[in-house]
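Here are my notes for your first look at this model. Please keep the structure open while you read, and find each residue as it comes up.

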Amino acid sequence: MDNVVDRPVASAALSALTDRFQAMVARSRTEPAPDCAARLHRLARLRALVADNEDRLRQAISADFGHRSAVETTIAEAMMVFSEIRHGSKHLKAWMAPQRVATALQFLPARNRLIPQPLGVVGIIAPWNYPLQLTLAPAIGAIAAGNRVIIKPSELVPHFSALLKETVTERFDATELLVTGVEDEVAKGFAHLPFDHLVFTGSTRVGRLVAEAAGRNLTPVTLELGGKSPAIIDASADLDEAAERIAYGKLLNAGQTCIAPDYVLVPERSLQAFAEKLRAQMRRMFGADPANEDYTSIISDRHYARLEALVADAAQRGAKILQPARADDPNWKSHRKFPPTLILGATEDMAAMQEEIFGPVLPVLGTRDPADAIAFVNRRDRPLALYWFGKDHHARDEMLARTVSGGVTINDCLFHFAQINQPMGGVGASGTGAYHGEWGFRTFSKLKPVFYRSKFNRLADLYPPYGGKIARLEKMMRFMS
């Protein structure tokens, strides 16, 4: 018998969601495989939804953050969504086609095919840091695969969530695409629904709870988590180039990016020089004025206080803190903008080296040699991303061979995520499963194997009574195996 303590409390909001979920499931069973035209129409409506409301979406997201760079919302969110839809629409017909699979010689002239089919109803638990892109990107893959989708937005972005719910309701039937409210009861109960697939993007801690809840229904999950993604500076690297690119990768969205570099490993002899170059690049890009429109606010007071505590802990343990102003400076705190901060000489016992930072704070550590850097990374959970800077191809390939991570960008940060033909996903504590482009279509499809028997095949010889014919058939099968 289920433990009643583990079951979500049935509220009016959760009961309404359950009813809508069941209606969607029923429709997915009676109309299990929408044709290509229907899927393309849904994708076109989704694109129009974003295009027609792009300014409103930007404003809503900025209101939720306190201030969100309009350029970052356009480039890192809206344009990514448009790219996903355009790519999926262009290739959908080919993705949907049955795939030819070789048939073993002893079964010829039969045929094998893999037929992609929708899973049914896909649930998406969306994060707050890139609310538009990380909400709709998995939805695009699920819709392309022919599924019906329910989205649970983050409670930390209420303006965006309300606008998304409003615009989706206007353009989609409730059995095609549905956006829930952000009530606590809905958040707690969502993962307990028996979806055909569940996507969660967020912290590793919450990811474990989502996976546990989904596991009770044997619901397959795609978990896009995070962790501490390293940037490794090889002795062969151009320090100025590496400093510029790491500064951008770290400070985009004020560091509130799951694949942002979370710490930097630098050869010991270059530690001080690199830190100064990195600080100079951060100042060049974002200045020292908290009113800078290009610099994004921290999502909440709680997260701001969490970042302050990480920096204070590092300073107490002997690290050198480099920042243009103290985080408690009223000019910065009133904007809820955390000053770009370097923790120079970070050590493994510091809180900033034990948890994902998710903000504009970057520890910089010295290493003895490339093997020391690789060993440092491998002592920790598998990161969602890894960045390597240098010109030594042997050292680069050694790093690639000896580390395991969700994705890698060489001589830059973040941009492996933007490759539409590459999967995006973690490994181990940084996640499981993947999506993007065709990888999303595959994740949200069942590739059903189908064997087409030929009337000319001698498989009937396997049926009893066996007699002498089975010996001949066995001899032939052994010869062909």
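1. Start with a term. Rings of Phe, Tyr and Trp (its six-membered ring) pair if their centres lie within 6.5 Å; planes under 30 degrees apart count as stacked, over 60 as edge-to-face and the rest as tilted. By that rule, the structure holds 10 aromatic pairs.

2. Know what you are looking at. This is a predicted model, where local features need pLDDT of at least 70, side-chain atom pairs count only at pLDDT 80 or more, and totals for chains, interfaces and linings use all residues. Residues are numbered from 1 along each chain as its sequence is written, and side-chain values use heavy atoms, with hydrogens and water left out.

3. Look at one of the pairs. F107 and F451 sit edge-to-face, 6.1 Å centre to centre, with 80° between the planes. F107 lies in the loop between β1 (99-101) and β2 (111-118) and F451 in strand β16 (residues 445-452), so the pair ties together parts that are 344 residues apart in sequence. Helices (H or I, at least four residues) and strands (E, at least two) are DSSP runs, numbered from the N terminus.

4. F107 is partly exposed at 27%, and F451 is partly exposed at 40%.

5. Now take F286 and Y295. Their rings form a tilted pair, 5.3 Å centre to centre and 50° between the planes. F286 and Y295 are both buried. Elsewhere, F21, F190 and F195 make up one aromatic cluster.

6. Two arginines lie over rings. A charge sits over a ring if NZ of Lys or CZ of Arg is within 6 Å of the ring centre and within 35 degrees of the ring normal. R68 lies over the face of F65, 5.0 Å from the ring centre. R380 lies over the face of F376, at 3.7 Å.

7. Turn to strand β13 (residues 385-389). Its 5 of 5 residues are buried, so the strand is largely enclosed by the rest of the structure. In a regular strand the side chains alternate between the two faces of the sheet. Both faces of β13 are covered: A385, Y387 and F389 are buried on one side, L386 and W388 on the other.

8. Which strands flank β13 in these pairings? Two strands pair if DSSP finds at least two bridges between them. Strand β8 (residues 230-233) runs parallel to β13, joined by 3 bridges, and I232 stands opposite W388. Strand β14 (residues 407-410) also runs parallel to β13, with 4 bridges, and A385 stands opposite G407. The chain goes from β13 through helix α14 (residues 393-402) to β14, a right-handed β-α-β crossover. Right-handed means that, with the strands pointing away from the viewer, the path from the first strand over the helix to the second runs clockwise.

9. Check the backbone. A cis peptide bond joins L108 and P109, with omega about 5°. P109 is in the loop between β1 and β2. F358 has a positive phi, near 55°, and is not glycine. F358 lies in the loop between β11 (341-344) and β12 (361-367) and is buried at 16%. L414, also not glycine, has phi near 75°. L414 lies in the loop between β14 and β15 (431-432) and is buried at 9%.

Key: Buried < 20%, exposed > 50% of the residue type's maximum accessible area, 1.4 Å probe, protein only.
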